[in-house]
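Trainee: Hi! Could you walk me through how the helices sit together in this one?
Mentor: Happy to. Let's bring it up and go pair by pair.

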Amino acid sequence: MPDFLSVEYAAQPLWLWAAFLSLICFLLWVDLGLLNKKDEVVSPKKSAIMWACFASLAVAFGFYIYFGYQPDPQFYNDPENLNQQAAVQFATGYLLETALAFDNIFVIGLVFTFFAVPREYQHRVLFWGILGAIVFRGIFISLGAAVVNEFTWVLYIFAAFLLYTGAKMLLSGNGDDDEEELDLEKNPIFRFLKKRLRLTEEITNHNFVVTKPDPVTGKLTRYATPLLLALLMVETVDIIFAVDSVPAIFAVTRDPFIVYTSNIFAILGLRSMYFMLSAAVERFKYLKFGLAAVLVLIGIKIFWNFLLYKEFHLVPYLEAHWSLMLTVTLLGGSILFSLWKTSGEHKTQDS
């Protein structure tokens, strides 16, 4: 192995980061290069199978974390059972990030509707959107890790932000204001792109850029299609949601490798499940309340572990498995309640 691959980045050797990114690139190649190389509508059944495969890989990666990963003790409270702590934190982070990314489905659906993206091209937009998410999440997490591990007090800011976000979600009703917040016509990024890019009016194929004669000069000119604008707005949505998800995951674990891998597996899984959940997203309308409660509890946990326990020694340390249990209970309970409640509403509408 070349010496430079043994150099550590964020407390892990470069070869481990390279191996993980190579695995993700291989999975994406299998996705678009083999399984979905034709432009066609992804059925809910195929979408569910794709998600199950990605979820299974996340579980398998969790076993690697438990049996093969070498955690850096500086990111953990207890020097004993580091792998167990890392595995629990990975599972908690994966579930939390999956739930946080769930809101993306509704907003991405609004983006596709606004740009009139044909269903057979939507998977292509999501695929390239994942590549952007991998890059941007890496940047945000690297910056977050550098700040948090240098200035631990920043976690208190994260905790306050999570408490505010959770309280806002609890008080905002069923989330019907999402469409108002997405007003693309007034979005500054959309308006900037619309002014600066040559645009076609319609989507005629899966290309993000097409070449056609300029109506004035007749010279062949490159034009961006609405598909490219849809992709850029999907990336913008992901960056906006990262503002919530990155503080939340750092509240669960300070290990940058666990933070990044749980983020990416969650994004891969939920994007692959988009075509099944987008048709039934209204069935999960109460998931928001379970997620809000999780964010509030995680914010409280930061103050508990880092202020009351570490600084003032007033309370016992809350281990990571309690976060996992509470996350599963609250998210699972809100999903079951959503399905039960909306099932009754649909029966009323049908009668």
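Trainee: At roughly what angle do the axes of helix H3 and helix H9 cross?
Mentor: Keep in mind that this is a predicted model. The axes of H3 (residues 82-114) and H9 (residues 256-272) cross at roughly 40° and come within 8 Å.

Trainee: What do we call H3 and H9 relative to each other, then?
Mentor: Angles under 35 degrees count as roughly parallel, so H3 and H9, at roughly 40°, are oblique to each other. H3 passes H9 in a right-handed crossing.

Trainee: Okay, next pair. How do the axes of H4 and H8 cross?
Mentor: Helix H4 covers residues 119-150 and helix H8 covers residues 226-252. Their axes cross at roughly 35° and come within 8 Å. The crossing of H4 past H8 is right-handed.

Trainee: And what kinds of residues make up the contact of H4 with H8?
Mentor: There are 17 nonpolar residues, four polar and three charged.

Trainee: What about H1 and H2, how do those axes cross?
Mentor: At roughly 165°, with the axes coming within 13 Å. That angle makes H1 roughly antiparallel to H2, because the cut-off is over 145 degrees. H1 and H2 also make a right-handed crossing.

Trainee: Switching to the surface: which residues form a nonpolar patch there?
Mentor: Leu-23, Phe-26, Trp-29, Leu-34 and Leu-35 do, with about 520 Å² of accessible area together.

Trainee: Where is Leu-35 found?
Mentor: In helix H1, which spans residues 14-35.

Note on methods: Residues numbered from 1 in each chain as written. Predicted model: local features only at pLDDT ≥ 70, side-chain atom pairs only at ≥ 80, totals over all residues. Heavy atoms only, no water. Axes fitted to C-alpha atoms, helices over the stretch in contact; angles between N-to-C directions. Helix = DSSP H or I, 4+ residues; strand = E, 2+ residues; numbered from the N terminus. Left-handed = near helix turned anticlockwise from the far one by under 90°. Nonpolar A, V, L, I, M, F, W, Y, C, P; charged D, E, K, R; others polar. Patch = residues over 30% accessible without salt bridge, like charges linked within 9 Å, V, L, I, M, F, W, Y side chains within 5 Å. Areas by Shrake-Rupley, 256 points an atom, 1.4 Å probe, with all protein chains shown as cover. Salt bridge = Lys/Arg side-chain N within 4 Å of Asp/Glu carboxyl O. Parallel < 35°, antiparallel > 145°, perpendicular 65-115°, else oblique.
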